[in-house]
Amino acid sequence: MGLIAIGAGVCMGLAAGGVGIGQGLAANGAMHGMSRQPELMGKILVNMILAMAIMETALVFGLIISIILLGKM
Amino acid sequence: MNLNELGSRIILYFGDSGKVFLSESTCYAIILAIILAILGIWLGSNLKPVPKGKQVWVELFVGWIYKFTEENLGKEYAKSFAPYLGSLIVWLFFANSLGLIGLRPITADVSVTAGLAAVSFLLIQVNAIRKLGIKGRIAEMCDPFHFMIIMEVISDLVFPVTLALRLFGNIFGGMIVVDLWLNLMSNLSAAFCPIPILRCITVIPLNLFFDMFEPLIQAYIFTILTAINMQRGMEGISPETVERRRLKKEARRAKREGRQLEQAS
């Protein structure tokens, strides 16, 4: 039972680490673009949110696995 | 934490076997569809040539839906598919944010999102085959090289799975976080008061994020992914590949004729 708990925690932790790095890179590019051309801020912002939600998908898959593991504990 | 208590409750049973039933999500979904239909009919009645009142908002929204469809699908398909994408985004926004009223969100049930993803998948494949024909569809999947068909088939089959699970996971996770917070507030306020007053105002930031912002984003993502994949499916084989294969065939035929002339002489 201890291994199931460790598995649930590690799954979510690794997923969050990867998503954090990825979304940070996307935000980096978006900030650079917005500071170069402030008149395109609306479009860049919308596309940044779209890209972040796609990266969030992997995090959500990890969340589902963690919840299933917690149920088995 | 019991996994069996996280699903939606069953409300209506049909027959004696206990296998045919209507769950709470299906009932809410039907009621929401009826409410949105009545709302749509009411908003579209008594249209005047010069808009005033509620017609201004309605025209703004419908214009935005048609522009969105046109820039993602191309001009000739915008009129046919804009109603589907428009109803999808409106229904999904209201379905995801039922947590504001205290009910269980409709799309926090994987059956509902799986049904929606299956409809989108069928739409994409049927339109691609109707426009390109079956040979054209297979040719499109072998675009630069012939072995790419394996990757394209896998990515096409995985698309509805990720579409359903993305929506389900986001809304279900939000529902769990709000539930946990409300339980914490109940337990805390049981220490000093018979009624759970701490549940009232402290939950507002969580509701703001999980029941207003996140449903809008997820509805938009579902719709725009369906639209983009539809456009990619109807695109067909790219002209560079057609050109390259034609040149290769001509080179091969020229070489064969050259060899036949050599053998004849």
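## A helix in chain B

Helix α2 of chain B covers residues 54-73, a run of 20 residues. From its first C-alpha to its last, helix α2 of chain B reaches 29 Å. That is close to the 28 Å expected at 1.5 Å a residue. Just after α2(B) comes B:Gly74. B:Gly74 takes a positive phi of about 95 degrees.

This is a predicted model.

## Chain B as a whole

Chain B has seven helices and two strands. Read from the N terminus, the order is β-β-α-α-α-α-α-α-α.

Chain B has 265 residues, and its radius of gyration is 26 Å. A compact globule of 265 residues would have a value near 18 Å. Along the principal axes, the C-alpha atoms of chain B fill a box of roughly 110 × 55 × 45 Å. Of the 265 residues in chain B, 19% are buried.

Some contacts in chain B link residues with a separation of 6 or more. Of these, 64% are between residues 24 or more positions apart.

## Chain A as a whole

Chain A has two helices and zero strands. Helix α1 of chain A spans residues 2-36, and helix α2 of chain A spans residues 41-72.

Chain A has 73 residues, with a radius of gyration of 17 Å. For a compact globule of 73 residues, the value would be near 11 Å. The C-alpha trace of chain A spans about 55 × 15 × 10 Å along its principal axes. Buried residues make up 8% of chain A. Among contacts in chain A between residues at least 6 apart in sequence, 81% join residues at least 24 apart.

A:Ile6 sits in helix α1 of chain A. Is A:Ile6 buried or exposed? A:Ile6 has 11 other C-beta atoms within 10 Å, so A:Ile6 is exposed. The cut-off for exposed is 12 or fewer. A:Ile6 and A:Leu69 are 63 residues apart along the chain. Their C-alpha atoms are separated by 9.8 Å.

A:Ile54 sits in helix α2 of chain A. A:Ile54 has 15 other C-beta atoms within 10 Å, so A:Ile54 is partly exposed. A:Ile54 and A:Gln23 are 31 residues apart in sequence. In space, C-alpha to C-alpha, A:Ile54 and A:Gln23 are 9.7 Å apart.

## Where the chains meet

How many residues does each chain bring to the contact? Chain A gives ten residues and chain B gives eleven residues. On the side of chain A that touches chain B, eight residues are nonpolar and two are polar. No charged residues are found on that side of chain A.

One helix pair in the model joins α2 of chain A to α6 of chain B, residues 204-233. Their axes are 10 Å apart, and the helices pack at an angle of about 85 degrees. Angles of 65 to 115 degrees count as roughly perpendicular. So α2(A) and α6(B) are roughly perpendicular to each other.

Which residues meet between these two helices? From α2(A) come A:Ile49, A:Leu50 and A:Ala53. From α6(B) come B:Ile217, B:Ile221 and B:Ile224. By class, the contact of α2(A) with α6(B) has six nonpolar residues, no polar and no charged.

Notes: Residues numbered from 1 in each chain as written. Chains lettered and ligands numbered in written order. Predicted model: local features only at pLDDT ≥ 70, side-chain atom pairs only at ≥ 80, totals over all residues. Contact = placed C-beta atoms within 7 Å. Nonpolar A, V, L, I, M, F, W, Y, C, P; charged D, E, K, R; others polar. Helix = DSSP H or I, 4+ residues; strand = E, 2+ residues; numbered from the N terminus. Rg over C-alpha atoms; globule rule 2.2 N^0.38 Å. Buried ≥ 20, exposed ≤ 12 C-beta atoms within 10 Å, placed from the backbone. Expected span 1.5 Å × (residues − 1). Axes fitted to C-alpha atoms, helices over the stretch in contact; angles between N-to-C directions. Parallel < 35°, antiparallel > 145°, perpendicular 65-115°, else oblique.
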